[in-house]
Amino acid sequence: MDLSFKFEAASSDEEMEIKEEEEEEEEEEVEDKKKEEEKAQSPWDFASYSESVTEEHARKSTTSIDFKISRALQENPIPLPHDHDDTIIHDDDEGEGEEEDKGSASSSDDDDDEPDKREIYNNKSPSHDADADADADARNGRRDAFYSSSEGASFYANSFLDLNLSRPLLRSCESLGYHKPTPIQAACVPLALTGRDICGSAITGSGKTAAFTLPVLERLLFRPKRVLAIRVLVLTPTRELAHQVHSMIEKLAQFTDIRCCLVVGGLSMKMQEVALRSMPDIVVATPGRMIDHLRNSQSVGLEDLAVLILDEADRLLELGFSAEIGELVRLCPKRRQTMLFSATMTEEVDELVKLSLTRPVRLSADPSTKRPAALTEE
């Protein structure tokens with residue numbers, strides 16, 4: 001037998017397993033090294049993230065926000081006031097040099113330079129005016145988006161028959177001598193009958209009391225009469241105006257079974273509490289006295305209120321009832337109809353409109369209409 005011959009045995013299963021284990025250990029070591037490198041990286045290092053973002057934008061053929069901002073700045077550069085400052089300083093330096101050459105300094109030259117500075121600072125660039133116009137347009141756009149469209153509203157009607165009112169209300173209008181609706185009545189009554197919120201602007205004596213009373217009475221004629229509840233709340237700034245509104249509502253409802261209650265200061269609290277517990281259909285009140293009853297009187301609430309009316313809203317805010325009105329608005333149900341009437345539309349009135357009304361229709365009677373000659377105010 002040849003001694004140089006060597007027998008090589010085939011690799012057994014155990015040797016194969018050993019090799020696989022060694023390969024797995026090498027892979028684990030590589031993964032551990034990667035994890036250690038990731039841990040060593042600072043958490044505030046966003047280089048890899050930014051690279052991946054740029055690669056993603058390049059792959060999708062899109063642009064980043066930073067690129068868009070830089071491109072917009074390049075196209076529309078913002079003028080800086082440094083140029084004006086340099087010119088002012090340069091002029092001052094020249095003036096000082098001349099004074100040094102002359103050898104005398106006078107305060108009158110400084111006084112002459114100040115108007116020039118004021119003129120330079122007061123001059124506004126065209127871009128500033130354009131930004132102001134854009135802001136004004138944006139505010140007007142938001143205001144237009146808040147108000148609902150008043151398409152279809154007409155400020156003219158031949159008679160109260162055109163307003164689709166019931167016979168008892170037509171009879172009361174005829175007994176009061178009302179033959180032709182005023183512009184605010186012709187526009188407000190049909191819209192209010194559909195249950196939409198209304199923001200009306202009309203001068204005193206234009207008939208806005210009947211404008212919100214007639215649609216309210218028309219809706220109350222079809223109320224569930226077995227369920228007693230306060231369904232309409234009318235807020236006025238003064239007790240005198242509350243008396244006038246209460247008197248007008250009673251005259252227009254004289255041929256119906258609708259009951260109205262007056263809640264103002266100067267009258268007995270107990271008598272008013274008894275009247276409120278009887279659940280009248282309409283309550284005409286001043287904000288302060290109404291909150292007193294809601295806080296202190298039992299079984300008096302606005303859970304079933306369907307219509308909220310704010311009469312003379314500008315005067316309500318002028319007399320300091322903004323907190324009381326806000327509290328009453330929060331106590332009223334969210335699903336209600338709200339009508340607001342004001343002679344002037346100020347910023348405070350606009351805030352009240354946004355607080356209490358939902359997608360209102362803005363109605364404004366003809367401002368050229370003169371004050372009625374037969375109007376008497378007390």
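**Exercise 1. Which residues does Ser 297 touch, not counting residues up to four places away in sequence?**

Keep in mind as you work that this is a predicted model.

Step 1: find Ser 297. You'll see Ser 297 in the loop that runs between helix 12 (287-296) and strand 5 (307-310).

Step 2: check its cover. Buried means under 20% relative accessible area. Ser 297 comes in at 9%, so Ser 297 counts as buried.

Step 3: list the contacts. Leaving out residues up to four places away in sequence, Ser 297 touches Glu 273 and Asp 292.

**Exercise 2. Take Glu 273 and work out which residue forms a salt bridge with it, and where the two lie.**

Step 1: look for the partner. Arg 277 forms a salt bridge with Glu 273, and the closest N and O atoms are 2.8 Å apart.

Step 2: check how open Arg 277 is. With 43% relative accessibility, Arg 277 counts as partly exposed.

**Exercise 3. Explain why the Lys 225 and Asp 257 pair ties together parts that are apart in sequence.**

Step 1: the general idea is that side chains of opposite charge can pair when their charged atoms come close.

Step 2: here, the side chains of Lys 225 and Asp 257 meet in a salt bridge at 3.4 Å, N to O.

Step 3: Lys 225 is in the loop between helix 9 (208-220) and strand 2 (232-235), and Asp 257 is in the loop between helix 10 (239-252) and strand 3 (260-263), so the bridge joins parts 32 residues apart in sequence.

Step 4: zoom out. Lys 225 and Asp 257 are part of a salt-bridge network that also includes Arg 223 and Asp 281. The structure holds 6 salt bridges.

**Exercise 4. Decide whether the faces of strand 5 are covered or open, and name its partner strands.**

Step 1: in a regular strand, side chains alternate between the two faces of the sheet.

Step 2: sort the residues by side. Val 307 and Ile 309 are on one side, Leu 308 and Leu 310 on the other, and all are buried, leaving both faces covered.

Step 3: look at the neighbours. Strand 2 pairs with strand 5 in the parallel sense over 4 bridges, and Leu 310 is the bridge partner of Leu 235. Strand 6 (residues 337-342) also pairs with strand 5 in the parallel sense, over 4 bridges, with Gln 337 as the bridge partner of Val 307.

**Exercise 5. Pick out the residues that touch the most other members of the largest nonpolar core.**

Step 1: this core has 46 residues, and Ile 282, Val 284 and Met 339 touch the most other members.

Step 2: follow Val 284. Its contacts beyond four places in sequence include Val 234, Ala 242, Ile 249 and Leu 262.

Key:
Residues numbered from 1 in each chain as written. Predicted model: local features only at pLDDT ≥ 70, side-chain atom pairs only at ≥ 80, totals over all residues. Heavy atoms only, no water. Core = buried A, V, L, I, M, F, W, Y, C linked by side-chain atoms within 4.5 Å. Buried < 20%, exposed > 50% of the residue type's maximum accessible area, 1.4 Å probe, protein only. Contact = heavy atoms within 4.5 Å. Salt bridge = Lys/Arg side-chain N within 4 Å of Asp/Glu carboxyl O. Pairing = 2+ DSSP bridges.
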